[in-house]
Amino acid sequence: MADVNSLLLLLGLLCHILPLMFRYAIGEGIVTAHSTLELSRASSILMLLAYIAYIFFQLKTHRQLFESQEEGEEEEEEEEKAVIGFWSAFSWLVGMTLIIALLSEYVVGTIEAASDSWGISVSFISIILLPIVGNAAEHAGSIIFAFKNKLDISLGVALGSATQISMFVVPLCVVVGWIMHVNMDLDFSLLETGCLAFTIIIVAFTLQDGTSHYMKGVVLFLCYIVIGACFWVHKIPQSEITVGKPFTGVFAA
């Protein structure tokens, strides 16, 4: 259900905003950094607990709310024959995970070089380009299901992925960093947190009436373009900076 995902995203947004607000309210300093780190770790644990509760809610207690029901068709209880066995699927999963981990390590190590070579900011590459390429399969699946008038599945794929990143992956990284004695917190910069906040609020308002039409899609697409333009100019590449001469990029005013 879209409302459940929206609530979880708002909870994740709250956990991201509080460390930022805490830093601005108290001010910079060693004590503030330590307190922000502790707050982020506590928030991460709560976010993981909330995500576990969401999984239990989705798969156990309220499973019927997440099942797609097609109008005019009776549900046929036919057992589908598995294409591959459990251990075969598990082996493929482990193998592909290792390959993706190696490729991700290579990509992360070449982002700055690509930024200097292409003349594109690191923020734009890491926040706009990489998610588009990395989530291409999910995007294609959402579009295909939307064309088949299965918007519940399409929204489930899109919002489910966002919920997983916000409520599971990010806090898990903070907790794992804590275990490995690496200080990681939820205090993102003001720009990233602000974009996240407005994105979640806009999506929540878009889904509140339970209807869909092309104008909503146009507005969401334009919002994404604006955010992309923002991160395009967020950090001017060093290769484009000339001493004594203003930047004359595409979005320069």
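Let's start at helix α5, whose buried residues are covered by elements that include α4 (111-118) and α9. Those buried residues of α5 are Ser-123, Phe-124, Ile-125 and Ile-128, where buried means under 20% relative accessible area, exposed over 50%, and partly exposed in between (1.4 Å probe, protein chains only).

A word on what you're looking at: this is a predicted model, with local features needing pLDDT of at least 70, side-chain atom pairs counting only at pLDDT 80 or more, and totals for chains, interfaces and linings using all residues. Residues are numbered from 1 along each chain as its sequence is written, and side-chain values use heavy atoms, with hydrogens and water left out.

Now step back to the whole chain. The protein chain has nine helices and zero strands; helices (H or I, at least four residues) and strands (E, at least two) are DSSP runs, numbered from the N terminus. Of its 253 residues, 23% count as buried. Take the contacts (heavy atoms within 4.5 Å) with a separation of 6 or more: residues 24 or more positions apart account for 68% of them.

Back to α9, this time with α8 (residues 190-207) as its partner. Two packed helices are described by the angle between their axes and the distance between the axes. Here α8 and α9 pack at about 180°, with their axes 11 Å apart, so α8 is roughly antiparallel to α9. Axes are lines fitted to C-alpha atoms, for helices over the stretch in contact, and angles run from 0 to 180 degrees between N-to-C directions; under 35 degrees counts as roughly parallel, over 145 as roughly antiparallel, 65 to 115 as roughly perpendicular and the rest as oblique. On the α8 side, the residues that meet α9 include Leu-191, Cys-195 and Ile-202, while α9 brings residues including Leu-220, Cys-223 and Ile-227.

Tyr-214 sits in α9 and is exposed, with a relative accessible area of 68%.

For a contrast, look at Thr-36 in helix α2 (residues 30-61). Thr-36 counts as buried because its relative accessibility is 2%. Leaving out residues up to four places away in sequence, Thr-36 touches Pro-19, Phe-22, Asp-185 and Asp-187.
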